[in-house]
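I opened this entry to look up how the two chains meet. My notes follow in the order in which I checked things.

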Amino acid sequence: MSLDQLMQVPGALAAFQYDDKGDLQAHQVKEGNELTPQVLDLLAHTCVANMAIATMEARGWEALTGQTGFEPVQGFSLVGLDWSAVVGRNHGVVVKNRDVDYEAAFAALANCGA
Amino acid sequence: MRIISQLMAIPGVIAAGEYAFRGDRYSFEGNMTDELARMASILCRSNTLAVNMQAEIFSAFSENCGCKPVQGWIVHGKMMSVCVVGNFFCFCQNTPGLLNDVMTILRAKVGDIEENPLVYMYAKLGGDVNEKLY
């Protein structure tokens, strides 16, 4: 799935692709918002970090509690004031909170990894 | 109805709770022991502090970027998700529609949805939602 298709997620403001270190590889931004490539690059780095932390916590939680179903972590979302960043493995989409559909965003990102 | 009880009324929600930003106080309902709820509270509190710190850094690059203050975060696992908004957490299954409903309730109570959450939830259907509902 391309960034064009990620931009079709309801409320999408930006879509971006990043490598395993979090460096921004490609991006698309809807006109009229303040999401600069610099912010998206920083966002991609935090998403990689948060996915790694979430994986560590999920693995530890499953080992400690015996509960299953958390691993492998499929995605992470940072819910801001006006928008949410929803990320999968190497792609992310920023969606307006007013129109957000988290499940649609996670499903679209899962298709990116397919 | 308390927000935790509202969340627990949704089929597929495993557990929901509230934690204090300072100290180890917490309350919860659901399929979780007291010790697990304590651990979940600590985990959620530390992650919330981390994403708030990240938003502070974003705002250094773009003052009005729209992320600050952070409302919460979601970890989407293979079959389960953890949703946190403010100082509330919810563990739920990945059944269709559940994640959006949980987040709508959490955001309506502690986040940014100012109007009636029912109106917000049904707004996705389109048309005059107020007329249809009332």
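I started where the chains join: β3(A) and strand β3 (residues 72–76) of chain B run antiparallel and are linked by five bridges. I noted one pair, S77(A), whose bridge partner in β3(B) is I74(B). For the record, helices (H or I, at least four residues) and strands (E, at least two) are DSSP runs, numbered from the N terminus. Two strands pair if DSSP finds at least two bridges between them.

**Ground rules.** I am working from a predicted model, in which local features need pLDDT of at least 70 and side-chain atom pairs count only at pLDDT 80 or more, while totals for chains, interfaces and linings use all residues. Residues are numbered from 1 along each chain as its sequence is written, and chains are lettered from A and ligands numbered from 1 in the order in which they are written.

**Whole sheet.** Ten strands make an open sheet with antiparallel pairing, in the order β2(A)-β1(A)-β5(A)-β4(A)-β3(A)-β3(B)-β4(B)-β5(B)-β1(B)-β2(B). β2 (24–29) of chain A and β2 (26–30) of chain B stand at the edges with a single partner strand each, so one side of each has no neighbour in the sheet. Neighbouring strands are turned by 10° against each other on average, direction ignored. Axes here are lines fitted to C-alpha atoms, for helices over the stretch in contact, and angles run from 0 to 180 degrees between N-to-C directions.

**Helices on the sheet.** I then checked what packs on it. α2(A) touches β1, β2, β3, β4 and β5 of chain A together with β3 of chain B, and its direction makes about 120° with that of β2(A). α2(B) packs on the sheet too, touching β3 of chain A together with β1 (13–19), β2, β3, β4 (80–85) and β5 (88–93) of chain B; its direction makes about 65° with that of β1(B). Contact means that the C-beta atoms of two residues, placed from the backbone, lie within 7 Å.

**Strand β5 of chain A.** I looked at burial next. Five of the six residues of strand β5 (residues 91–96) of chain A are buried, so the strand is largely enclosed by the rest of the structure. A residue is buried if 20 or more other C-beta atoms lie within 10 Å of its own, exposed if 12 or fewer, and partly exposed in between, with C-beta atoms placed from the backbone. Strand β1 (residues 12–18) of chain A runs antiparallel to β5(A), with five bridges. A15(A) stands opposite V93(A), and Q17(A) has H91(A) as its bridge partner. Strand β4 (residues 83–87) of chain A also runs antiparallel to β5(A), again with five bridges. S84(A) stands opposite V95(A) there, and β4(A) and β5(A) form a hairpin with three residues between them.

**Interface by residue.** I counted the contacts: 31 residues of chain A touch 32 residues of chain B. The elements giving two or more residues to the chain A side are α2 (37–65), β3 (75–79) and α3 (102–113). The largest share, eight residues, comes from α2(A). By class, the chain A side has 15 nonpolar, ten polar and six charged residues. Ala, Val, Leu, Ile, Met, Phe, Trp, Tyr, Cys and Pro count as nonpolar, Asp, Glu, Lys and Arg as charged, and the others, Gly among them, as polar.

**Helix against helix.** The axes of α2(A) and helix α2 (residues 34–61) of chain B come within 11 Å and cross at roughly 170°. That makes α2(A) roughly antiparallel to α2(B); angles under 35 degrees count as roughly parallel, over 145 as roughly antiparallel, 65 to 115 as roughly perpendicular and the rest as oblique. Residues making the contact include L42(A) and T46(A) of α2(A) and L43(B) and F58(B) of α2(B).

**Cis bonds.** I found the peptide bond from E71(A) to P72(A) to be cis, with omega near -10°. P72(A) lies in the loop between α2 and β3 of chain A. In chain B, a cis bond joins K68(B) and P69(B), with omega about -5°, and P69(B) is in the loop between α2 and β3 of that chain.

**Confidence.** The model scores ipTM 0.94 and pTM 0.87. Chain B averages a pLDDT (the predictor's confidence in each residue, from 0 to 100) of 82, and 81% of the residues score at least 70. Confidence in chain B is lowest in helix α4 (residues 117–122), at a mean of 52, and highest in β3(B), at 95.
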